[in-house]
Amino acid sequence: MADITRRFGWRHLRGAPTAHIRHHRSGRLVHDGPGLSFWYRSLTAALSEVPVDDRELAMTFHARTSNFQDVAVQATVTYRVSDPAIAAARLDFSIDPDTGVWRGAPLEQLSTLLTETAQQHALDVLARTSLSSALVDGVAAVRERVASGLAAEPRLPATGIEIVAVRVVALRPEPEVERALRTPAREQIQQEADRATYERRAVAVERERAIAENELASQIELARREEQLVEQRGTNARREAEERAAADAVKAGAEAARTLRLTEAEAARTVQLAEAEADRQVKLAEAEAAAARAVGAARAEAQSAWLRVHGEVDAATLHALTGTRLAENLPRIESVTVSPDVLTGLLAKLGGAGGSGETA
């Protein structure tokens with residue numbers, strides 16, 4: 001929509017680059033072109049605004065196939081106004097000089113024209129096509145037929161319209177028919193999925209069998225190697241035992257020889273010690289015997305001298321010595337009580353003994 005500004009009874013129009021403006025004043029064309037900007041008076045101006053950019057027209061319509069099945073067609077037509085002068089002359093693109101709003105609905109007229117023309121060609125091609133063929137190849141066939149039909153339509157160039165592109169998005173049957181058509185495909189897909197599942201299970205079973213066989217072969221090989229290991233260990237153990245026995249025998253022989261040498265040396269040393277001890281005992285016995293003979297001789301000499309002395313001493317002296325020796329050997333007496341009777345008898349004995357001595 002054009003941008004119109006009011007100033008003191010004048011109007012200023014500023015168009016867009018994608019809008020072709022035609023300005024007539026008093027029946028004469030004053031301005032003609034896209035993206036114009038000019039001043040005018042609304043009472044004497046006749047303005048038209050024709051969009052020249054590419055426009056998308058989405059359409060949806062129903063058609064019937066050769067086997068009397070309804071399908072929904074979704075398509076899009078891209079078009080543009082190639083000759084704005086012809087389009088403005090054939091369709092009402094006039095705008096209000098005060099507001100810039102279209103007075104009519106030219107784009108709706110173009111949409112109706114394009115939709116009816118495209119629908120006519122689509123119905124024509126689908127009416128001779130079965131539903132299954134339409135669902136398989138109908139999109140391309142409808143697109144080509146609609147594009148060729150619009151390109152050959154004489155009213156479009158006469159209106160200044162150029163078709164840029166035609167796209168058919170989808171062809172859809174009725175929901176019930178679509179469900180019925182999906183059933184065999186779904187069953188086939190399910191069968192293929194089941195077959196794939198069975199094949200996958202078979203492959204898995206085969207792989208498990210191969211894995212089990214590999215594990216069994218590995219266990220057999222491991223058992224064989226363990227047996228070889230046990231045999232090798234037994235051989236090594238026997239070899240070690242034989243070597244250890246030989247070493248023990250050598251060690252025992254060396255130990256026996258060393259023990260024999262030590263025993264012989266110890267026996268020789270014992271014999272030497274015994275001989276030395278015997279010599280020492282002999283010498284000690286001889287010394288003790290000599291000492292005993294000397295002591296005996298000395299004692300005999302002393303006894304002889306004692307006897308000689310006592311033989312030469314008188315009896316009174318001997319009695320005195322005997323009393324002295326007896327007194328020395330008597331225990332210590334703290335006090336002695338002598339009764340007259342005892343003293344009398346003692347004196348009498350002493351006196352008798354004295355007389356006997358003298359007599360002797």
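Tyr40 counts as buried, at 2% relative accessibility (buried means under 20% relative accessible area, exposed over 50%, partly exposed in between, with a 1.4 Å probe and protein chains only). This is a predicted model, in which local features need pLDDT of at least 70, side-chain atom pairs count only at pLDDT 80 or more, and totals for chains, interfaces and linings use all residues. Residues are numbered from 1 along each chain as its sequence is written, and side-chain values use heavy atoms, with hydrogens and water left out.

**Aromatic pairs**

A pair of aromatic rings is described by the distance of the centres and the angle of the planes. Rings of Phe, Tyr and Trp (its six-membered ring) pair if their centres lie within 6.5 Å; planes under 30 degrees apart count as stacked, over 60 as edge-to-face and the rest as tilted. How many aromatic pairs does this rule give? The count comes to two.

| Pair | Centre to centre | Angle of planes | Class |
|---|---|---|---|
| Phe38 and Tyr40 | 5.9 Å | 55° | tilted |
| Phe93 and Trp102 | 6.2 Å | 70° | edge-to-face |

Phe38 is buried, at 5% relative accessibility. Phe93 is buried at 1%, whereas Trp102 is partly exposed at 27%.

**Helix 3**

Helices (H or I, at least four residues) and strands (E, at least two) are DSSP runs, numbered from the N terminus. Helix 3 covers residues 131–152, 22 residues in all. Where does helix 3 bend? The place is Asp137, and the bend is about 75°. A bend is the angle between axes fitted to the seven residues ending there and the seven starting there. Buried residues of helix 3 include Leu131, Ala134, Gly138 and Val142.

**Thr159**

Thr159 sits in helix 4 (residues 155–159). Is Thr159 buried or exposed? Thr159 is buried, with a relative accessible area of 4%. A polar atom of its side chain lies 2.6 Å from the backbone oxygen of Arg155. Leaving aside neighbours within four places in sequence, Thr159 is in contact (heavy atoms within 4.5 Å) with Ile86, Ala87, Arg90, Leu91 and Leu110.

**Positive phi in two loops**

Phe8 is not a glycine, yet its phi is positive, about 50°. Phe8 lies in the loop between strand 1 (3–7) and strand 2 (10–14). Phe8 is exposed, at 82% relative accessible area. Ser26 has a positive phi near 60°. Ser26 is in the loop between strand 3 (19–25) and strand 4 (28–34). Ser26 is exposed, at 72%.

Key:
The expected span of a helix is 1.5 Å times one less than its number of residues. A polar contact is a pair of N or O atoms within 3.5 Å; within protein, one must be able to donate a hydrogen and the other to accept it, and residues adjacent in sequence count only if both atoms are side-chain atoms.
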